[in-house]
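Student: I have the sequence and the model open. Can we go through the labels and test each one against its cut-off?

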Amino acid sequence: MTTGSQNLAAAPATWPRAIEIGDQLAFPAVLMRGGTSKGAFLKPDDLPPPGSLRDRVILAAYGSPDPRQVDGVGGANPLTSKVAIVSASERADADVDYLFGQVRIGEPVIDYSGTCGNLLSAVGPFALDEGIVPVTEPLTRVRVHLVNTGQLVVAEVPVLRGRARVEGTAEIAGVLGSGASIQLDFSSTAGTLGHGLLPTGLASERLALPSGVEVPVSIVDVANPCVFVAAGELGLDAATLLAETLDEGVVDELLAIRSAAAVRLGLVESAELAAAESPAIPKVYVVHPPVDFVDRYGRPVAGQDVSVLGRGLSMGRPHAAYALSAAICTGAAASVPGTVVAGCADAGGGTIRIGHPSGVSAVEVDVRLDQGGDHRLLRASVERTARRLMSGLLYVPVSILAEA
């Protein structure tokens with residue numbers, strides 16, 4: 001058994017930047033809200049090299065695995081159990097690299113397979129405030145390389161007195177109050193899997209589930225690959241779809257659809273492996289034609305003010321808002337004739353307004369056919385807000401070094 005003193009002696013070799021404080025190791029971190037998500041923003045130089053030790057450090061900092069994450073900074077919810085690792089980029093067309101990790105709550109796993117558009121909202125402000133990117137007032141464009149998918153997103157960050165501006169009039173569904181408007185341009189994020197906007201070549205198709213049932217779906221790949229299914233196929237009306245929780249049977253059916261789509265995309269060999277080997281992608285979302293509804297804050301939303309209603313899962317749980325990457329993908333899907341989304345949406349491009357449990361999210365999209373007959377994403381942008389919440393040191397027990 002390795003003693004604590006031996007662990008401390010080994011810390012410089014395995015993790016040179018670790019700060020030894022008593023029998024704990026500490027490292028710099030900034031806690032930020034990005035859109036409707038929250039997580040620690042870290043610099044790779046402050047962490048162990050990529051690998052098992054780095055993941056153990058992050059899991060310990062978040063308090064995983066534990067459904068309450070009570071011994072860490074995780075919020076016991078997929079939306080608040082996320083991590084961003086940000087550094088200057090060596091790519092000529094990018095300013096910063098953004099590696100996203102979904103820190104699982106009940107398992108000792110960090111999933112790096114997908115990306116998070118909401119947490120991305122805070123990457124530009126973090127890079128400016130940390131001096132990674134030079135500041136230009138009143139607006140700084142930050143080109144963000146999404147390491148997980150290889151895509152590029154441009155963030156336009158308002159600046160005040162050399163720092164990312166926080167206060168403003170922009171409002172986003174799922175976050176109370178308002179903040180400074182951050183514009184995110186996702187125009188170059190189609191085809192994250194390398195097979196175009198429609199990765200199977202079809203606007204819609206039928207997926208066979210293990211139960212033997214075939215369900216009409218659309219698989220679209222913008223920002224993150226998503227599989228869409230109409231609410232009517234699951235027997236859901238708008239009120240049930242947007243309720244605080246979804247019936248467990250419905251969640252199980254959505255997970256089965258997601259698993260079948262993962263096989264269809266070649267991400268896993270069998271549906272049984274989807275949860276373990278590709279838990280984050282594809283995302284699964286249910287869509288419904290626009291109708292009046294009441295959001296989770298008790299605010300009425302008129303059906304005429306939305307293009308489509310939607311609801312998805314986040315790491316197997318019903319999403320309380322709407323994933324930003326999924327919103328971009330939904331907007332693109334609504335612009336492609338023949339998709340499940342287009343069949344439900346009262347829209348055909350331009351501004352797509354998605355109604356969901358926390359309100360309405362709007363995305364600007366422009367999808368057109370090229371000369372070869374393929375759909376091309378020419379524009380995809382969205383407004384977000386972000387805020388620095390805390391900066392300081394995160395602590396993990398020194399025994400983390402001795403774990404296998």
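Tutor: Start with the cavities. This is a predicted model. A search of the whole structure finds one cavity of 30 Å³ or more.

Student: What makes it a cavity and not a pocket?

Tutor: A cavity is a set of points where a 1.4 Å probe fits but cannot get out, whereas a pocket is an open set. The largest cavity holds about 30 Å³ of space. Its lining consists of A29, V30, L31, A40, V73, M390 and L394.

Student: Which elements give two or more residues to that lining?

Tutor: Strands β2 (24-34) and β22 (386-397) do. β2 has the largest share, three residues.

Student: Why is the lining of the largest cavity classed as nonpolar, with no polar and no charged residues?

Tutor: Ala, Val, Leu and Met are among the types that count as nonpolar. The lining is made of A29, V30, L31, A40, V73, M390 and L394. By class, that gives seven nonpolar, no polar and no charged residues.

Student: Now the largest pocket. How much space lies in it?

Tutor: About 710 Å³. It is lined by 40 residues, and P279, S314, M315, G316 and R317 are the closest to its centre. Elements giving two or more residues to the lining are β5 (96-103), α3 (117-120), α6 (248-264), α7 (274-277), β14 (283-288), β17 (308-314) and α8. Helix α6 gives the most, four residues.

Student: How do the residues of this lining divide by class?

Tutor: Into 21 nonpolar, twelve polar and seven charged. Pro counts as nonpolar, Arg as charged and Gly as polar. P279, G316 and R317 are among the residues closest to the centre.

Student: Why is the pair of W15 and F27 called tilted?

Tutor: Two cut-offs decide. Ring centres must lie within 6.5 Å, and planes under 30 degrees apart count as stacked, over 60 as edge-to-face, the rest as tilted. W15 and F27 are 5.5 Å apart, centre to centre, with 55° between the planes. The distance qualifies them as a pair and the angle makes the pair tilted. W15 sits in the loop between α1 (4-14) and β1 (19-21), and F27 in strand β2, twelve residues apart.

Student: How do you know that W15 and F27 are buried?

Tutor: Buried means under 20% relative accessible area. W15 has 0%, so it is buried. F27 has 1%, so F27 is buried too.

Student: What makes the pair of Y285 and Y322 tilted?

Tutor: The ring centres are 4.6 Å apart and the planes stand at 55°, so the pair is tilted. This pair also links distant parts of the chain. Y285 is in strand β14 and Y322 in the loop between β18 (317-318) and α8, 37 residues apart. Both Y285 and Y322 are buried. In total, the search finds three aromatic pairs.

Student: Why is α8 described as largely enclosed by the rest of the structure?

Tutor: Eleven of its eleven residues are buried, so the description holds. S325 is one of them. Its relative accessible area is 2%, under the 20% limit, so S325 is buried. Leaving out residues up to four places away in sequence, S325 touches T115, G117, V222, A223, N224 and K283.

Student: Last one. Is G177 buried or exposed, and how do you know?

Tutor: Exposed means over 50%. G177 has 53% relative accessibility, so G177 counts as exposed. G177 lies in the loop between β9 (163-164) and β10 (182-185). Beyond four places in sequence, G177 touches A170 and E171. G177 and E167 are ten residues apart in sequence and 9.8 Å apart in space, C-alpha to C-alpha.

Definitions and conventions
Residues are numbered from 1 along each chain as its sequence is written. This is a predicted model: local features need pLDDT of at least 70, side-chain atom pairs count only at pLDDT 80 or more; totals for chains, interfaces and linings use all residues. Side-chain values use heavy atoms; hydrogens and water are left out. On a 1 Å grid over the protein atoms alone, a cavity is a set of points where a 1.4 Å probe fits but cannot get out, and a pocket is an open set with protein on both sides within 12 Å along at least five of seven lines; lining residues have an atom within 4 Å of a point. Grid points are joined across faces, edges and corners, and a volume is the space filled by probe spheres set on the points. Rings of Phe, Tyr and Trp (its six-membered ring) pair if their centres lie within 6.5 Å; planes under 30 degrees apart count as stacked, over 60 as edge-to-face and the rest as tilted. Buried means under 20% relative accessible area, exposed over 50%, partly exposed in between (1.4 Å probe, protein chains only). Contact means heavy atoms within 4.5 Å.
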